[in-house]
Amino acid sequence: MLRYLKIKVFAMLFLIPVMFLYSCTQKSIVDRTSVICFAGSVEITRGVDAPRPVVLGEELKQGDIIKTGPASFMVFNLGDTATVRIQPDTVATLSGITDKSDIDINLTSGGILNRVNKLAKGGTYKISTPTVVASVRGTVFSTYYTDKTNTVAVKTGSVNVSMKDKDYSSSLNDGKTAVIKDGIVERPIDEVESIILENMTSLPAEIKSLDKAAEEQLNRQIIEKDIETNKKLEGKIIPPTLEEIKKKYERIDEVLLYSGRIIRGVILERGAYYKILTTSGYVSIPAKQVRNTKVIR
């Protein structure tokens with residue numbers, strides 16, 4: 001009997017550290033920030049180290065700078081808090097990822113897609129650009145910063161956008177987009193933005209512990225979804241310049257608002273709202289704000 005008790009005590013003493021190790025491992029999996037997919041040219045710069053290619057499954061650290069090339073992207077998870085996709089031609093800094101209840105990613109140029117799964121009570125999730133902060137509680141949304149113009153599109157949930165140098169802010173709900181430059185202009189989310197955000201809504205509900213085979217399978221699934229999305233986008237991508245818009249639509253419209261603001265692009269719809277395609281995206285303007293229009297080219 002005494003020997004049995006000794007063996008039992010020894011077994012318990014052995015199991016306690018193993019159970020503790022397992023518990024810590026599970027916690028680290030949940031808290032871990034790691035690369036779950038990438039395609040094309042994706043570089044990471046850490047501290048004073050030289051830029052290097054990312055590695056599938058590697059853990060990301062606070063302060064890491066991610067740079068993607070043309071037709072390239074990277075997807076990573078912030079534990080079970082959120083999943084993030086760095087879009088092509090983007091530079092972003094993981095400025096605040098250690099505390100999963102207080103996330104802050106700095107977008108220097110390009111675009112970021114986000115799916116925020118859950119935040120602790122009082123937690124924050126922010127995407128910051130040089131001029132705007134987009135903060136959420138739980139949602140699927142995109143943030144782009146190009147040519148000093150911010151575009152925040154919300155697929156589901158709620159996002160608050162605020163300008164850093166002006167006392168302007170707006171709360172965006174499902175199906176809304178804000179274009180922010182000199183001010184904040186809201187419009188319905190457009191077809192292109194909605195299609196692009198399908199890359200996030202199609203992801204598994206939870207991305208936690210993955211073995212090598214499952215990791216590679218998820219990588220393939222995300223890349224296949226990206227190919228499918230790109231096929232849907234063929235013929236729908238916004239022309240980057242007025243010259244490209246003219247080439248496609250054979251004219252450039254100039255819309256003068258009563259506020260004095262001038263919008264150049266092409267008018268696609270007239271009615272209660274004017275839908276205008278510009279180099280910054282689709283703009284929806286109430287007809288009562290339009291003073292006059294004319295073709296300038």
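**Pocket, strands and contacts**

User: How much space lies in the second largest pocket?
Analyst: A pocket is an open set of points on a 1 Å grid over the protein atoms alone, where a 1.4 Å probe fits, with protein on both sides within 12 Å along at least five of seven lines. Points join across faces, edges and corners, and probe spheres set on them fill the volume. For the second largest pocket, that space comes to about 590 Å³.

User: What kind of model is this, and which pLDDT does a side-chain atom pair need?
Analyst: Residues are numbered from 1 along each chain as its sequence is written, and side-chain values use heavy atoms, without hydrogens or water. The model is predicted: totals for chains, interfaces and linings use all residues, local features need pLDDT of at least 70, and side-chain atom pairs need 80 or more.

User: Which strand supplies the largest share of the lining of the second largest pocket?
Analyst: The lining has 24 residues (an atom within 4 Å of a point). Lys181, Arg261, Ile262, Ile263 and Ser280 lie nearest the centre of the pocket. The largest share, four residues, comes from S20.

User: How many charged residues are in that lining?
Analyst: Asp, Glu, Lys and Arg count as charged; Ala, Val, Leu, Ile, Met, Phe, Trp, Tyr, Cys and Pro as nonpolar; the others, Gly among them, as polar. The lining of the second largest pocket has eleven nonpolar and seven polar residues, and its charged residues number six.

User: How many residues of strand S5 are buried?
Analyst: Buried means under 20% relative accessible area, exposed over 50%, partly exposed in between (1.4 Å probe, protein chains only). Phe73, Val75 and Asn77 point one way from S5, and Met74, Phe76 and Leu78 point the other way. Both sets are buried. S5 (residues 73–78) is therefore largely enclosed by the rest of the structure, its buried count being six of the six.

User: Which residue of S6 is the bridge partner of Leu78?
Analyst: Strand S1 (residues 33–39) pairs with S5 in the antiparallel sense over six bridges (pairing takes at least two DSSP bridges). There Val35 stands opposite Phe76. S5 also pairs with S6 (residues 82–86), antiparallel, over five bridges. In S6, the partner of Leu78 is Ala82.

User: Which residue in the turn between S5 and S6 has a positive phi?
Analyst: S5 and S6 form a hairpin, with three residues between them. In the turn, a positive phi of about 55° belongs to Gly79.

User: What lies over the face of Phe73?
Analyst: A charge sits over a ring if NZ of Lys or CZ of Arg is within 6 Å of the ring centre and within 35 degrees of the ring normal. For Phe73, the distance from the ring centre is 3.9 Å, and the residue is Arg85.

User: Which geometry does the aromatic pair of this structure have?
Analyst: A search of the whole structure finds one aromatic pair (Phe, Tyr or Trp six-membered ring centres within 6.5 Å; planes under 30 degrees apart stacked, over 60 edge-to-face, the rest tilted). Tyr125 in strand S9 (residues 124–128) and Phe141 in strand S11 (residues 140–146) form the pair, 16 residues apart. Tyr125 is buried at 0% relative accessibility, and so is Phe141 at 0%. Their ring centres are 6.4 Å apart with planes at 85°, so the pair is edge-to-face.

User: Is Ala71 buried or exposed?
Analyst: Ala71 lies in the loop between strand S4 (65–68) and S5. Although not a glycine, Ala71 has a positive phi of about 55°. At 73% relative accessibility, Ala71 counts as exposed.

User: What is the relative accessible area of Asp89?
Analyst: Asp89 lies in the loop between S6 and strand S7 (91–96). Asp89 has a positive phi of about 50° although it is not a glycine. Asp89 is partly exposed, with a relative accessible area of 47%.

User: Which residue of S14 is the bridge partner of Val159?
Analyst: Strand S13 (159–163) has a covered face of Val159, Val161 and Met163, and an uncovered one of Asn160 and Ser162. Five bridges join strand S10 (residues 132–136) to S13, antiparallel, and Val136 stands opposite Val159. Four bridges join S13 to S14, also antiparallel. In S14, the partner of Val159 is Leu172.

User: How far apart are the C-alpha atoms of Asp167 and Gly183?
Analyst: Asp167 lies in the loop between S13 and S14. Asp167 is exposed, with a relative accessible area of 79%. Along the chain, Asp167 and Gly183 are 16 residues apart, and their C-alpha separation is 9.7 Å.
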